[in-house]
Amino acid sequence: MSSLNHIWVLAMNTYREAVRDKLLYNLLLFAGLMIASSILLAQIQLGHDERLYRDVGLSAIAFFGVLIAIFVGINLVHREISSKTIYTMLSKPVQRWEFLVGKYVGLLTLLAVEVAIMSACFIAVLFAKGSEFYSGLLWSILLIYFELALVTAVAIFFSSFTTPYLAGMFTVALWIIGHLLGDLRAFGSRSDIPGLKALMEALYWTLPNLDRLDIKADASAGNPIELARIGAAALYAWLYSFVLMAGAMLLFQRRDFR
Amino acid sequence: MNVIRTSGLRKTYRTGFWMRAVEAVKGVDLEVKSGEIFGFIGPNGAGKTTTMKILTGLMLPTAGGAWVHELPVSDPQSRARLGFLPEGTFFHDYLTGREFLEFHASLLGLPRDLRRERIPQLLARVGLAGAEDRQIRRYSKGMRQRAGLAQALIGNPDLVILDEPMSGLDPLGRKDVRDVILSLRDEGKTVFFSSHILQDAEMICDQVAIILSGRIVAQGYIDELLGQEHAGAELTFESISEALYHELERQAKRAVVQGPRFLFEFDAEADAEKALDRVRASGGRVRSLVPRRRSLEDLLVEGVKQETRS
């Protein structure tokens with residue numbers, strides 16, 4: 001049987017497992033409420049209410065998407081090991097890298113559905129308030145999805161060799177730092193502390209720079225967004241995810257399942 | 001042909017905060033032939049599960065080699081004709097019995113038509129017909145074990161590896177599992193199973209290997225290992241005096257009063273014959289005489305004693 005089929009079967013089972021988890025529905029409900037609450041917030045704030053719908057909507061999609069990616073991502077591999085369900089899968093002619101990729105593809109499918117549902121809520125709010133849904137918003141949502149794919153790869157990378165608790169902490173830390181890398185670099189360049197500039201430069205070029213994928217502000221303000229910028233950001237996320245998954249596979253290959 | 005072969009197989013773990021080295025398997029040599037039921041016997045922590053996990057690709061050996069169907073266990077194809085039931089009943093419990101088998105059949109690449117044909121057959125074979133659309137989390141422990149067994153058989157494998165398949169089952173459940181294992185041998189399949197329930201192993205195995213502290217201490221066909229000679233006898237008497245009871249009690253390995261009957265177990269046949277003569281001479285009645293054969297339990301106990309001495 002081909003690797004592709006193994007990956008597909010594992011991905012669909014991962015998707016089914018996540019869909020039957022109540023946590024997911026709770027997060028989706030909160031995301032829906034958050035997006036809908038932008039209507040109330042707009043009534044409190046004076047002026048720019050259309051932009052506020054877009055800001056809150058895009059931020060809610062990104063934030064709840066990341067919550068799902070981290071919570072489900074860190075448990076994705078660990079749960080199979082701790083509950084020993086991995087035994088019956090890997091004792092079949094399934095390769096370990098196929099298992100990891102299958103889990104990853106399953107979660108990407110789930111995230112695609114989640115982002116689609118949240119985007120539908122977002123569009124419904126915009127239409128209800130007579131606001132327009134334009135291509136910039138679509139590109140922003142697409143890059144949110146690429147960010148989620150990268151964060152999931154980070155979560156899987158850490159969970160391939162450590163506990164879910166540590167994997168969760170590392171992933172959240174990288175997500176926060178990933179959005180601050182530009183500021184950290186600027187801080188380093190202005191600092192007089194020896195070595196700090198070099199350290200910040202090294203972090204800037206090695207850690208996942210999630211700011212590259214964040215075009216929410218421009219999209220929300222209705223600024224023009226070049227396709228080349230979107231393409232470069234998507235390629236960056238894809239390459240970084242690929243490297244992380246390759247690292248996770250190497251670590252997973254040597255692991256004993258006791 | 002050897003379906004399973006290991007040579008000098010070793011496994012060392014690193015455990016705890018200080019990464020202390022624990023040698024779980026210390027140079028195991030095994031040969032399991034096609035069409036046999038092979039029992040892998042030993043107490044908890046002897047290295048049975050570790051050996052099985054190496055054979056099924058879940059653990060990597062530290063040294064030595066292991067082959068399944070003459071392919072090294074590092075090759076995923078060595079698991080193409082293998083079915084494995086791990087110890088415990090740890091399955092995707094959000095799936096129904098049918099979905100669980102569908103999933104594992106799909107992982108093996110079975111075509112849809114074959115899956116539709118085989119799944120109901122297997123569910124019936126393991127006694128789960130009627131429960132196929134219930135989620136596994138609603139199954140009893142026995143039902144989970146049956147579902148696991150069905151999962152191991154879904155690919156119609158030539159080799160079935162079962163880790164403690166009877167553990168935690170009631171007597172009826174154990175009998176059902178024994179029957180399935182025997183029927184697999186009738187179909188020409190090889191069954192390699194671990195157990196610490198020695199009576200079960202003695203009842204159905206062709207060959208056994210006894211593992212203690214990571215080393216094989218005995219391996220061979222049951223009759224060869226246990227021998228044909230008797231190892232003592234169990235006698236039941238009636239109508240014997242209290243004095244005679246105490247006299248025999250001192251000579252016997254075990255003495256039990258069961259209402260009007262007195263049961264004595266002797267290690268040596270000569271002692272049993274002497275007791276028989278004494279009871280007859282005193283006018284007592286002999287109700288039963290059961291010669292005792294050496295058992296796997298005796299073999300295991302001897303092994304443990306040797307291990308402790310060395």
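Colleague: How many residues of chain B are in contact with chain A?

Modeller: This is a predicted model, in which local features need pLDDT of at least 70 and side-chain atom pairs count only at pLDDT 80 or more, while totals for chains, interfaces and linings use all residues. Residues are numbered from 1 along each chain as its sequence is written, and chains are lettered from A in the order in which they are written. Two residues are in contact if their C-beta atoms, placed from the backbone, lie within 7 Å. On the side of chain A there are 22 such residues, and on that of chain B 24.

Colleague: Which helix of chain B gives the most to the side that touches chain A?

Modeller: Helices are DSSP runs of H or I with at least four residues, and strands are runs of E with at least two, numbered from the N terminus. With four residues on that side, the one that gives the most is α2 of chain B, residues 97–107.

Colleague: What is the share of buried residues in chain B?

Modeller: A residue is buried if 20 or more other C-beta atoms lie within 10 Å of its own, with C-beta atoms placed from the backbone. Chain B has ten helices and 14 strands, and of its 310 residues the buried share is 41%.

Terms used
A residue is buried if 20 or more other C-beta atoms lie within 10 Å of its own, exposed if 12 or fewer, and partly exposed in between; C-beta atoms are placed from the backbone.
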